[in-house]
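Hi,

Here is the structure I promised to pass on. Have a look at it first, and my notes on what turned up follow below.

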2 protein chains.
Amino acid sequence: MNQQIVLKNRPEGKPSENDFEIQEIETGEIKAGEILLESKYISVDPYLRGRMRDEESYIEPFKLGKPIESMIVAEIVESKNPNFSIGEHVIGMLDWKKQQIHTGEDLRKLDKSLAPLSAYLGVLGLTGVTAFLALDKIGNLKSGETLLVSGAAGAVGSIAGQIGKIKNCRVVGIAGSDEKTEHIKEKFGFDAGINYKTTANITKAIENACPDGVDVYFDNVGGEILNAALQNINKAARIICCGAISIYNSTEVPTGPRPEGILIKKSAVMQGFLVRDHIQDFQRAIEGLAGWLKSGKITYDETIIEGFENTPKAFIQLFEGRNTGKMLVKI
Amino acid sequence: MNQQIVLKNRPEGKPSENDFEIQEIETGEIKAGEILLESKYISVDPYLRGRMRDEESYIEPFKLGKPIESMIVAEIVESKNPNFSIGEHVIGMLDWKKQQIHTGEDLRKLDKSLAPLSAYLGVLGLTGVTAFLALDKIGNLKSGETLLVSGAAGAVGSIAGQIGKIKNCRVVGIAGSDEKTEHIKEKFGFDAGINYKTTANITKAIENACPDGVDVYFDNVGGEILNAALQNINKAARIICCGAISIYNSTEVPTGPRPEGILIKKSAVMQGFLVRDHIQDFQRAIEGLAGWLKSGKITYDETIIEGFENTPKAFIQLFEGRNTGKMLVKI
């Protein structure tokens, strides 16, 4: 039997496994022009939390009782579409189903010989492309500047930090354990790491780790760490608001110190970045990342959870910081 | 006798006249290369409040017991400098003194035949240039977009709104009285006005006045009006943080709803603007404004308080919204 995972309840605060339901379904028969896909790797990402709310956003909310969708790498197991052959691998925004029928529209074929299939969901996928394009479009890093990255051991943050090193910047990462802060220095070449969970005064810790101030802050978390970063920005600093995992589960509108005073004082810019606004630049980003990957200038981590039925659990673990690098489910 | 106005106490919260002191002083004799200036018009501006705090900012704090300085239009009444003649008028960052000795450095000569002297402190001065360059550098207004302006009856806001009309935008202004909201429509061509003092729900009022949403928000006030504006921004909106008069007198760090969520959702940019960072563009801005002034495309208001000794009072009245347009003191 085929299976799908649907949104059962809209989560209140942190999502729980009860908010999801695994259902047995019929796959059906493919018609002319269609293909049958078997999911191989499912990407779970913090931004999916936003789609679980019943509110207007940049992308429409998930419907109750319908499958969640995210980026998935799948193999073609049946084809009545001349453009796709059995055994080929594709990537696209697909339903959380073990198997699904598809027209092939908006799917991109993957070359297994260039990189492992899972890399197309991480360093060569939306997370790598996000790090690349956010720094390209907003960061505008100059040699010798200081880049501060939160969520530094995560899928986006670890790539952002390595791009900072390629651009000859001092790179400081904030993460949630000593293991992670050590790891980002050893594996990704960060110059310093701050464990926000054991640091009493994050503002002061950033000041110490960034003696020349912060020129670019790549924010994946929002909230109090963003406040602390703002206290340390230089004139003309760029704050990339790429994610806000610390507030995604808030049930009330979170408050904090007003930013407008410091933005004025420092002529600083704070800009939201959504990778889907930059589809025209994806190919350039993927080529740039693939080049660095090939030459060994960047590397990546994956946290892979096995088993389709564990997809909700993998998603929930994102909010517990249980992943290092890209969180994936392998079927 | 000559007089000067010094900062006596650093204000706590809203400044009071007790924070200033008028002192009788000797003028002294001018030496070779120097000129004697007589102040004609003194500009009082909200940003001066920031310099009254004893904290590092983009410009050094005023010293206790020393004269305040701001932009002043002065007449040359004595000269031992061959570059300046008696009867000429100049503008520059000068002390709050009736008369002062100066080397002439960093002073700019004014042409009384082009515009009234007071205009060089307003529409052709820092406030006009601020409106022009903030819209030029950050606003990037496109025909048909909606521009929302707070402090719309003020010196910067009234010029910003008129530039919005020149760019074929829908322009909505927020101000603190029905007289002001009527005035900005009648005199400056705003399409709609919102009296924030009598409007129970500013967010809803902005939504009603901006049926296509807000593309550019020119913020002169910060605080709750900024929150309300953020609730109404369109995709790729630009929020110009130009002033924050509503929080300048705060004794504690003011808090408010966190902006990062909405900045991400809307791919919006929130950018601080300090006119002094753009000195290389001043001439272009002044020429642009002077052209529009001459062709009748822009006009301006002044609130002129008479008497040197009333300068502190004029400054304090800024925070009471007692001015329409540029607040000046005439000596």
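**What I found where the chains meet**

Let me start with a salt bridge: Glu55(A) forms one with Lys265(B), and their closest N and O atoms are 3.7 Å apart. By salt bridge I mean a side-chain nitrogen of Lys or Arg within 4 Å of a carboxyl oxygen of Asp or Glu. Between chain A and chain B the count is 4 salt bridges.

Before going on, some housekeeping: this is a predicted model, where local features need pLDDT of at least 70 and side-chain atom pairs count only at pLDDT 80 or more, while totals for chains, interfaces and linings use all residues. Residues are numbered from 1 along each chain as its sequence is written, chains are lettered from A and ligands numbered from 1 in the order in which they are written, and side-chain values use heavy atoms, with hydrogens and water left out.

Back to the interface. There are also 16 residue pairs in polar contact across it, both residues at pLDDT 80 or more.

In total, 37 residues of chain A and 36 residues of chain B take part in the contact, meaning heavy atoms within 4.5 Å. The buried area is about 2,800 Å², and carbon and sulfur atoms give 58% of that; this is the accessible area (1.4 Å probe) lost when the two parts are put together, summed over both. Arg258(A), Ile264(A) and Lys265(A) supply 26% of what chain A buries against chain B, more than any other three residues.

The strands meet too: S14(A) and S14(B) run antiparallel, joined by 3 bridges, and DSSP has to find at least two for strands to pair. Val269(A) has Gln271(B) as its bridge partner.

How are the two copies related? A rotation of 180 degrees with 0.0 Å of shift along its axis superposes chain A on chain B, RMSD 0.1 Å (least squares on C-alpha atoms of residues with pLDDT of at least 70 in both). The copies are therefore related as by a two-fold rotation axis.

Cheers

Methods: A polar contact is a pair of N or O atoms within 3.5 Å; within protein, one must be able to donate a hydrogen and the other to accept it, and residues adjacent in sequence count only if both atoms are side-chain atoms. Helices (H or I, at least four residues) and strands (E, at least two) are DSSP runs, numbered from the N terminus.
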